[in-house]
Amino acid sequence: MIDTGIDTDFWKGRSVFLTGHTGFKGAWLSLWLSKMGAVVTGYALSPPTVPSLYELCRVDELIASIIADVRDLSSLKAAMIKAQPEVVIHMAAQPMVRDSYRMPVETYAVNVMGTVHLLETVRHCGSVRAVVNVTTDKCYENREWVWGYRENEAMGGYDPYASSKACSELITAAYRRSFFTLSPPHSLTPPPAVATARAGNVIGGGDWGKDRLVPDCIRAFLKGEPVHLRNPHAIRPWQHVLEPLSGYLLLARRLVQDGVRFADAWNFGPEDQDARDVGWVVSKLCEKWGNSAKYTIDNGDHPHEAAYLKLDCSKARAYLNWRSRWNLDTAIDAIVWWTKAYQDGMDLRQVCLDQIDQYTN
Ligand SMILES: NC(=O)c1ccc[n+]([C@@H]2O[C@H](COP(=O)([O-])OP(=O)(O)OC[C@H]3O[C@@H](n4cnc5c(N)ncnc54)[C@H](O)[C@@H]3O)[C@@H](O)[C@H]2O)c1
């Protein structure tokens, strides 16, 4: 029996503090959590794109939304202390590799000090029992080899984004060792169980991020133009957005229920056969979109990107009983379904909820 972590009873009425709720993954997770009856407080800057899944799905009607900066420690503290969450999921970040070349200082400020501020806030908020810090598969020292990275391998990161997320991992491990192993003085409750989650390249309906493969394709399809591919041979672990989100939900639940046993790093990636090259993904998308969608190769100068990146998810399979449910083909079908609904002016909140239903059933 596959455990997707979807335990509605567990989430019903549970207080969750989610940073980055206005982003692509954050909006999907807000919809999923509120569907299960969780009481969600979101903390993030305004949606990073126009259009955005957050606005298209009217997420602000479903959760308490605070528009503020993770670099502002006192604002973050005030928001979390007011919300009194049991579960904290940290997704707010500057998540773009190319932007990190353009804005390294801001990338480190948000991704590194944002993590410090989050964990510092957790220290001072007695209600928290579980923290999931969302980093990335790019946090590993990339050896350009064909094997998947395991959680016990070295942190690294070639570009500022990847290295800032590796720093976020190291900070989380240091906070866990220094502050979250013993109960606070005079407290009978255990310390919060703090974990990190490393997922692969996430795809799904409603991502409008710039310089991302699938959003670039969708924008081109909607305009009836060809897609320009930068690195057609780069291999990535592609997965539908609901895959890592199910991992974060499962991990958070186990952290609350079993505490420090799960307070560690976890990979949530696709099955091996879904680590495909960019060219394969785009030709599949073109084929499923129809309307003579096509792509060209852009041979211009591009910043460094790794050629190989795979995750070994044996640990999540063995100890969390997590595994991916939708293969890449199904994920691409779901993107085409979502985007055609967008094109037809349908209620996109309902489309997302239907996709969540289909994923969980
Ligand atoms: N999308 C992917 O393929 C992918 C893969 C691996 C990891 N991740 C990680 O998942 C998380 C979410 O990614 P996403 O794809 O949803 O990105 P996104 O750009 O869609 O969303 C980023 C979110 O962070 C918020 N944010 C940015 N700077 C902030 C600041 N200074 N203060 C407060 N909020 C701020 C934005 O407002 C937004 O809500 C990130 O941590 C990212 O690194 C994403």
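In what follows, Ala, Val, Leu, Ile, Met, Phe, Trp, Tyr, Cys and Pro count as nonpolar, Asp, Glu, Lys and Arg as charged, and the others, Gly among them, as polar. By that division, the shell around the ligand in this predicted model is made up of 15 nonpolar, eight polar and five charged residues.

The ligand is surrounded by 28 residues, of which Thr-22, Asp-69, Tyr-161, Lys-165 and Arg-212 are the closest.

| Residue | Part of the residue | Distance to a ligand oxygen |
|---|---|---|
| Lys-25 | backbone N or O atom | 2.8 Å |
| Ala-93 | backbone N or O atom | 3.2 Å |
| Tyr-161 | side-chain N or O atom | 2.6 Å |

The ligand taken alone would expose 830 Å², and the protein buries 94% of that area. Two or more residues of the shell come from each of the elements α2 (24–35), α7 (160–179) and β7 (201–203).

Cys-167 takes part in no disulfide, and the nearest cysteine sulfur, which belongs to Cys-139, is 11 Å away; with a relative accessibility of 28%, Cys-167 counts as partly exposed.

Cys-217 is itself buried, with a relative accessible area of 0%.

How values were computed. Residues numbered from 1 in each chain as written. Predicted model: local features only at pLDDT ≥ 70, side-chain atom pairs only at ≥ 80, totals over all residues. Heavy atoms only, no water. Near = heavy atom within 4 Å. Polar contact = N/O pair within 3.5 Å; in protein donor to acceptor, adjacent residues only side chain to side chain. Areas by Shrake-Rupley, 256 points an atom, 1.4 Å probe, with all protein chains shown as cover. Helix = DSSP H or I, 4+ residues; strand = E, 2+ residues; numbered from the N terminus. Disulfide = S-S within 2.5 Å. Buried < 20%, exposed > 50% of the residue type's maximum accessible area, 1.4 Å probe, protein only.
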